[in-house]
Amino acid sequence: MPVGQLQELKNGEMITHNTAEFFANKKVVMFAVPGAFTPTCSAAHLPGYVVSADELKAKGIDAIICLSVNDAFVMAAWGEAQNAENLMMLADGDGSYTKALGLEMETAAFGGLRSQRYSMIIDNGVVTNLNVEKPKEFEVSKAETILNQL
């Protein structure tokens with residue numbers, strides 16, 4: 001995983017996570033969405049991980065991250081609205097981490113630079129599984145796919 005910083009608003013406090021430190025010695029599931037509060041993301045993608053959080057953690061996952069090119073305030077509000085207290089709602093405000101991953105997309109008037117929809121398993125800072133969706137699809141990045149890969 002590239003080294004970078006991601007933000008999280010938790011209990012009113014802004015936390016900056018250094019990814020090199022965060023991913024070290026952990027097994028993490030991270031999934032990314034094009035935008036918080038958007039239809040597929042809110043109706044299916046995030047809810048799938050909310051429902052599957054206990055099962056993922058039972059399979060040895062230390063943290064479940066939802067990442068988006070949004071600000072930490074939006075990610076916190078979206079997590080609260082979706083009952084995602086068992087997930088880390090992380091913001092890549094300027095898209096620099098998403099670019100470092102090579103998983104950015106330009107959406108023009110929709111919102112400019114955004115993340116592609118994907119999911120991955122990260123083991124001690126190394127991606128062991130990566131599931132990138134084709135444009136406008138939602139099949140391979142679902143929580144069920146990750147559960148089957150663990």
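Start with the charges: in this predicted model, the protein chain carries 11 positive and 18 negative ones, and their mean positions lie 5 Å apart.

Now for the overall build. The protein chain has 5 helices and 9 strands. Reading from the N terminus, the order is β-β-α-β-α-β-α-β-α-β-β-β-β-α. With a radius of gyration of 14 Å, close to the 15 Å that the globule rule gives for 150 residues, the chain is as compact as a globular protein of that length. Its C-alpha trace spans about 40 × 30 × 30 Å along the principal axes.

What about the surface and the inside? Of the 150 residues, 47% count as buried. The chain exposes about 7200 Å², and carbon and sulfur atoms supply 49% of that. Take the contacts between residues at least 6 apart in sequence: 60% of them join residues at least 24 apart.

In soluble globular proteins, nonpolar side chains tend to be buried together. Here are two such groups:

| Core | Size | Residues include |
|---|---|---|
| Largest nonpolar core | 23 residues | Tyr49, Trp78, Leu87 |
| Second, separate core | 17 residues | Phe23, Met88, Tyr97, Ile122 |

In the largest core, Tyr49, Trp78 and Leu87 are the residues with the most contacts inside it. The elements that each supply at least two of its residues are β3 (27-33), α2 (39-58), β4 (63-68), α3 (72-81), β5 (88-91) and α5 (143-149). The largest share, 5 residues, comes from α2.

Which residues does Leu87 touch, leaving aside those up to four places away in sequence? They are Phe31, Leu46, Tyr49, Val50, Ala53 and Ile64.

Methods. Residues are numbered from 1 along each chain as its sequence is written. This is a predicted model: local features need pLDDT of at least 70, side-chain atom pairs count only at pLDDT 80 or more; totals for chains, interfaces and linings use all residues. Side-chain values use heavy atoms; hydrogens and water are left out. A nonpolar core is a set of buried Ala, Val, Leu, Ile, Met, Phe, Trp, Tyr and Cys residues joined through side-chain atoms within 4.5 Å. Buried means under 20% relative accessible area, exposed over 50%, partly exposed in between (1.4 Å probe, protein chains only). Helices (H or I, at least four residues) and strands (E, at least two) are DSSP runs, numbered from the N terminus. Contact means heavy atoms within 4.5 Å. The radius of gyration is taken over C-alpha atoms; the globule rule is 2.2 Å times the number of residues to the power 0.38. Accessible areas come from the Shrake-Rupley method with a 1.4 Å probe; for residues, only the protein chains shown count as cover. Lys and Arg count as positive and Asp and Glu as negative; His and the chain ends are not counted. The place of a charge is taken as NZ of Lys, CZ of Arg, CG of Asp or CD of Glu.
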